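Dear colleague,

I am passing on a structure that you have not worked with before, and I would be grateful if you could look it over. My notes on what turned up in it follow below.

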Amino acid sequence: MIWGLEGETPEELAESIRDTQLPAAPELICGCVYTLLLLLPGATLSPALSKQRGIQRELERYGRVKPLLSRMLLSWVFCLLVSTVLYILFLRHYTNWETAPHSQMLRNWLVVQLCALANVCYSYLVYVLLRKAWLAVPTMVLAEAVLHRIIPGLRLFFPWFLIPAFGSIRIGGTMQFQDSLVSAVCPPGELGRYILICAAYTVGCTALSLLLFRRRDIQ
């Protein structure tokens with residue numbers, strides 16, 4: 001037995017390891033999506049906020065709300081597709097997804113998509129607020145690295161940090177897992193709280209982004 005895993009042959013140990021990897025998927029995939037979102041809003045918004053490469057015709061025809069919402073929606077759809085592909089690949093290569101609990105797989109996929117949606121809206125708010133990619137990217141990176149350490153408890157209200165790290169939900173050095181948002185047994189109310197916080201980020205950041213974008217001088 002190695003690290004609490006059952007099996008005597010390498011093949012048996014590999015199968016035992018694959019049985020324990022499902023809780024690792026949300027943390028890994030959301031990290032990839034968040035890295036993508038450091039650049040994605042800038043690629044769609046920088047031309048809109050630039051005098052030389054503006055989207056003046058689109059703004060004159062549809063106003064300020066529709067162009068921004070369309071870019072946010074397209075970004076989220078893109079993140080949904082990327083994260084879903086990554087999730088399926090992770091399940092196929094690192095888990096026994098034929099025998100894994102379907103409810104856990106579906107819940108963890110939902111966790112990933114809600115986190116992606118909330119972070120799309122959050123990242124667009126930062127880009128609209130600062131207007132420059134070279135300002136927005138360091139701001140988001142520093143917020144994750146510094147701000148959540150300065151203000152105790154702030155991590156409890158940020159969607160990405162609500163997803164337990166794979167290493168932190170293991171008991172001791174074994175492969176037994178505590179109940180958590182992404183484990184086989186989700187504590188009562190944990191998923192509901194996560195949904196509410198993601199919804200608050202989605203609605204709040206979208207509303208603030210639209211308000212700020214409508215007041216920008218793009219002429």
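Because Tyr 122 belongs to helix 6 while Phe 158 lies in the loop between helix 7 and helix 8 (159–162), the pair ties together parts that are 36 residues apart in sequence. Tyr 122 and Phe 158 are both buried, and they also belong to one aromatic cluster together with Tyr 34, Trp 160, Phe 161 and Tyr 201. Please keep in mind throughout that this is a predicted model.

The axes of helix 2 (residues 24–37) and helix 6 come within 10 Å and cross at roughly 20 degrees, and an angle under 35 degrees counts as roughly parallel, so helix 2 is roughly parallel to helix 6. The crossing of these two helices is right-handed. Sorted by class, the contact of helix 2 with helix 6 holds 13 nonpolar and three polar residues, with no charged ones.

Helix 6 (residues 102–130) also meets helix 7 (residues 133–150), and there the axes come within 9 Å and cross at roughly 130 degrees, so the two helices are oblique to each other. The crossing of helix 6 and helix 7 is right-handed. On the side of helix 6 the contact is made by Tyr 122, Ser 123, Val 126, Tyr 127 and Leu 130, while helix 7 brings residues including Ala 133, Leu 135, Val 137, Met 140 and Glu 144. The residues in the contact of helix 6 with helix 7 comprise ten nonpolar, two polar and one charged.

Finally, I would draw your attention to Arg 131, which lies in the loop between helix 6 and helix 7. Most residues other than glycine have a negative phi. Arg 131, although not a glycine, has a positive phi of about 70 degrees, and with a relative accessibility of 30% Arg 131 counts as partly exposed.

With kind regards

Definitions and conventions: Residues are numbered from 1 along each chain as its sequence is written. This is a predicted model: local features need pLDDT of at least 70, side-chain atom pairs count only at pLDDT 80 or more; totals for chains, interfaces and linings use all residues. Side-chain values use heavy atoms; hydrogens and water are left out. Axes are lines fitted to C-alpha atoms, for helices over the stretch in contact, and angles run from 0 to 180 degrees between N-to-C directions. Helices (H or I, at least four residues) and strands (E, at least two) are DSSP runs, numbered from the N terminus. Angles under 35 degrees count as roughly parallel, over 145 as roughly antiparallel, 65 to 115 as roughly perpendicular and the rest as oblique. A crossing is left-handed if the near helix is turned anticlockwise from the far one by less than a right angle, and right-handed if clockwise. Contact means heavy atoms within 4.5 Å. Ala, Val, Leu, Ile, Met, Phe, Trp, Tyr, Cys and Pro count as nonpolar, Asp, Glu, Lys and Arg as charged, and the others, Gly among them, as polar. Buried means under 20% relative accessible area, exposed over 50%, partly exposed in between (1.4 Å probe, protein chains only). Rings of Phe, Tyr and Trp (its six-membered ring) pair if their centres lie within 6.5 Å; planes under 30 degrees apart count as stacked, over 60 as edge-to-face and the rest as tilted.
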